[in-house]
Amino acid sequence: MAVMPEGIASARFVGREAAFTRLATVLGGAAEGRAGTLLVSGTAGIGVTRFLNEAARRIGELAEPMTVLRGAGDLIDEANRPAFLTAF
């Protein structure tokens, strides 16, 4: 698999259709007044940050304003998990 040099990114965003479909479902519920949560996780380098940046861009283009909370942490650490999840 070819790796793009650091700092260079394609303007196109491909390969995350299922994730964006799930995001659309959560946003659709929010637009109807239902609160929702979407936890996005993955190992370093898999594209989580890129996905979140693209999701935030798309949400920013919606006609209805949405509040987006974004956090980062190591959920593998069981001692910190409750505090992290409670924050959201």
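Helices here are DSSP runs of H or I with at least four residues, strands are runs of E with at least two, and both are numbered from the N terminus. With that in hand, we can say where E54 sits: in helix α2. Let's build up the rest of the picture around that residue.

First, some ground rules. This is a predicted model, so local features need pLDDT of at least 70 and side-chain atom pairs count only at pLDDT 80 or more, while totals for chains, interfaces and linings use all residues. Residues are numbered from 1 along each chain as its sequence is written, and side-chain values use heavy atoms, with hydrogens and water left out.

**The overall layout**

The protein has three helices and zero strands, giving the pattern α-α-α along the sequence. Its accessible surface (Shrake-Rupley method, 1.4 Å probe; for residues, only the protein chains shown count as cover) is about 7,200 Å², and carbon and sulfur atoms supply 57% of that. Of the 88 residues, 12% are buried. Buried means under 20% relative accessible area, exposed means over 50%, and partly exposed is in between, using a 1.4 Å probe and protein chains only. Now take the contacts (heavy atoms within 4.5 Å) with a separation of 6 or more: 47% of them join residues 24 or more positions apart.

Helix α1 has 15 residues and runs 21 Å from its first C-alpha to its last, close to the 21 Å expected at 1.5 Å a residue. That expected span is 1.5 Å times one less than the number of residues. Which residues of α1 are buried? They are F20, L23, V26, L27 and G29, and α2 is among the things covering them. After α1 comes G33, with a positive phi near 95 degrees.

A nonpolar core is a set of buried Ala, Val, Leu, Ile, Met, Phe, Trp, Tyr and Cys residues joined through side-chain atoms within 4.5 Å. The largest one here has six residues: F20, L23, L27, F51, A55 and I59. The elements giving two or more residues to this core are α1 (17-31) and α2.

**Charged pairs**

Side chains of opposite charge can pair when their charged atoms come close. A salt bridge needs a side-chain nitrogen of Lys or Arg within 4 Å of a carboxyl oxygen of Asp or Glu. How many salt bridges does a search of the whole structure find? It finds four, including these:

| Salt bridge | Distance, N to O |
|---|---|
| R34 and E32 | 2.7 Å |
| R57 and E54 | 2.6 Å |
| R58 and E54 | 2.9 Å |

E54 turns up in two of these rows, paired with R57 and with R58. R57 and E54 are three residues apart in helix α2 (residues 48-60), so about one helical turn separates them. R58 and E54 lie four residues apart in α2, about one turn of the helix. The side chains of E54 and R58 also make a polar contact of 2.9 Å. For that term, a pair of N or O atoms must be within 3.5 Å; within protein, one must be able to donate a hydrogen and the other to accept it, and residues adjacent in sequence count only if both atoms are side-chain atoms.

Is E54 buried or exposed? It is buried, at 14% relative accessible area. Finally, E54, R57, R58 and E61 are linked in a network of salt bridges.
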